[in-house]
Amino acid sequence: MEDDSDDNFVTSAEETERLSEYPDSSRANRRPPILRSTPHEIHCKYDVRVISISGEYIITSSTVTKVWSVKTGSCIGHIGHPDLRVTAIAFKPSLQVEDEGSIIWLGTRDGGLLEADIRVLRIVNKRTGVHASTIKGIYRCGFEMWTLDEDGRLQIWGPDERTGLPQLNQAPKSQRIQVATACAIVVSSYLWVGRAKQVTVYQPSFSQSEQVQFTVTRPLTAMKPAGDITCAAVVAADPEHVYFGHDDGKVSVYSRSKLTCVDVVGISLYKITAMAGVGNFLWVSFRTGMIYVYDVSQRPWIVMKDWKAHDGPIQSMVVDRTSIFKLGTLPVITMTATENILTIWDGMLKQDWLELSMQEHEAEYCSFRTIQALICTWNVGAAKPTELQQTSTDSKFLRKLLKTADDPELIVFGFQELVELDNKTVTAKSMFKHKKKNKDKANVQQHMSYQYKAWQDHLTEAVSHLDSRYVLLTSDKLVGLYTCIFIKEREKHEIGNLRSSTVKTGLGGLHGNKGAIIVRFTLDDSSICFVNCHLAAGQSNVIPRNNDIANIMEAKIATAGIGSTANTADIYVGGGDGSMILDHEICFVNGDMNYRITLHRVPVMKLLEKGELDKLLESDQLLSQLKKNPGFRLRPFSEFPITFPPTYKYDIGSDTYDSSEKKRTPAWCDRIYYRGPGKIFPIEYRTYDVRVSDHRPVSGLYDIKIKTVDWELRKEAMQMAINRWEDFVQVSIQKARLHFHENEQRIR
């Protein structure tokens, strides 16, 4: 058996702390939301420091200001300002909607302000020395413009009596706020400022003779700690709350009416670099280059979408709500600090909207039937099939297992350690020997091939005694891993796109002593994926196990699964094409996952004697990761409640937990997880008393709902979905106009 000592046993307070609800990622779509009506990228070809967007126009600036068209991706023109480096940018308000996005204010490194008319591409006004230090932010508030510098000086430019708009030739009101501001955002008539771990709210006053300032400082509570604040956003559909991103992947939520922090939500382990309220959703970008889209109207939050947007940290994310009624679309612009490439995304998520709409109405163009799948996962501990015959209990194992179901359509065996992983003729050490390398390799392969064939023959013989006739659908191997799937003979002709692949995670992905076998196929018009895995061993190796799961779930397991891309959305989910595990509508992950119980052996044994499994499960590492780790890649999956004792580690040939010198703590290493909302219905989850290995086998029985698409009816359903989309766009346009008139054009 593999060396799996309890050395360096770690009991972390983090494992037992009060856990928050993390976003539900089970419905996340990973398709990048590319706008098909506009160019996807704009290559600026110069050092861009700030960007802004209004309607059709994107403005980029630093040593020169350029105007770009969202529709064509081309540069309309540039505005020169020699020797002046722009550090802040914002569009000036207009009295008429059609004039919105015509005039822009530029703040400079030396504290000056420029006003430019992008219609004629020239500077129309200029003011030097309005700030004593670099201007780091320009903000709109109704018909006012607010400028903020690095020293914490806020200048408030109100509308003049003649034009009703702020003018640079007037004297601004000045107010001091905190220095070293990380981010600031205007919410109604208030300025919300984030600095370090604190939020401060200001209400500047331009019109009153006596300046009024309301300040509320709310450090995040010790019960829900968060890192330093990096960015802020508001969501139009949630006018009560203001959201702040933090460098440890948390989002703090503040009430506008109560001026208090009401929640802290952990959404990642990585730094949040930018946020934006886009339509009804909160878009969040990370230093990894990923973007996530959250529906914050529900608890827990729903992850609507996630995708790799950039290779490096995303520095800027901007959106303009008026684009909806000006363009009929809602482009979101992102940029990294080094690429100087503007990337344009579809803020309305049209393709996702249509896909979800079709799924909600699939009963109109699909027929359904239910099949049953029996899944068995077992770390065999290098036992041979003949060893099962040594005791009457062990010899009845497969017969008992197969009788738990009434001839299921699918029987899936996922074994681990089919060969002995600490045997020097099998481990990586022998693979890298120079002497007798070819001979050793041949011996290894011969030994492993014999084991695989012996088990496959034994399983085939056991299945042959069932009332229905079964055939071997597929089998695959990876060092100690072995997957063998049987299917009822009458179902085999309904199988399509059968593929099998392996992912190595041992020795940093070089060796297959740890890893996964992935089998995927379509049955009727549903996609199914089975993953058999063996993760990193060791009591304290939670992070390596998490990394193994991430590497497996993120692996490119095959090319696109079906020939016609037109049908992909009906077969696969989440914007996928069948090339990754989570693309599949129905997924099962089983194996020796090796997650342990974060308690010492003595209290574990006492709780086992009392039969208090629920208390033990509170300290199960896998369940804890599902609760506390928002980035854990098994979070979209479910497990039927465990009602059986830990499956590891037993003395071979007995029912006694490890009595060796190491006395390993019992654990539920062997698990079966599933994902398929509304498609998978668990029936039974149990274990068996088989004593030839130090692990007990675990089985799960599941009803699976699969579909058949009527392609003619689907065409009609798609047209209806498009009609619903067009209605949705019209409603969005009206809401955007109303929002603009009630908020953007509000006179205070």
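A charge is taken to sit over a ring if NZ of Lys or CZ of Arg is within 6 Å of the ring centre and within 35 degrees of the ring normal. By this criterion, the charged end of Arg545 sits over the ring of Tyr595, 5.2 Å from its centre. The model is predicted, with local features requiring pLDDT of at least 70 and side-chain atom pairs counted only at pLDDT 80 or more, while totals for chains, interfaces and linings use all residues. Residues are numbered from 1 along each chain as its sequence is written, and side-chain values use heavy atoms, with hydrogens and water left out.

**Aromatic pairs**

- A search of the whole structure finds 28 aromatic pairs, where rings of Phe, Tyr and Trp (its six-membered ring) pair if their centres lie within 6.5 Å, and planes under 30 degrees apart count as stacked, over 60 as edge-to-face and the rest as tilted.
- Phe244 and Tyr254 form an edge-to-face pair, at 5.8 Å centre to centre with 80° between the planes.
- This pair links strand β19 (residues 238-246), which holds Phe244, to strand β20 (residues 250-255), which holds Tyr254, 10 residues apart; helices (H or I, at least four residues) and strands (E, at least two) are DSSP runs, numbered from the N terminus.
- Phe244 is buried at 0% relative accessibility, and Tyr254 is buried at 2% (buried means under 20% relative accessible area, exposed over 50%, partly exposed in between, with a 1.4 Å probe and protein chains only).
- Tyr452 and Tyr482 form a stacked pair, with 5.6 Å between centres and 25° between the planes.
- Because Tyr452 lies in helix α7 (residues 437-463) and Tyr482 in strand β32 (residues 481-488), the pair ties together parts that are 30 residues apart in sequence.
- Both Tyr452 and Tyr482 are buried.
- A cluster linked by ring pairs comprises Trp378, Phe397, Phe413, Phe415, Trp455, Phe486 and Tyr688.

- Lys705 lies over the face of Phe368, 4.7 Å from the ring centre.
- Lys707, in strand β39 (residues 698-709), is buried with a relative accessible area of 4%.
- Beyond its neighbours within four places in sequence, Lys707 is in contact (heavy atoms within 4.5 Å) with residues including Phe368, Asp524, Asp525, Asp570 and Glu585.

**An antiparallel sheet**

- An open sheet of 4 strands has the order β22-β23-β24-β25, with antiparallel pairing; two strands pair if DSSP finds at least two bridges between them.
- The edge strands, β22 (272-278) and β25 (302-308), each pair on one side only.
- Strand β22 is joined to strand β23 (residues 281-286) by 6 bridges, and Met275 has Val284 in β23 as its bridge partner.
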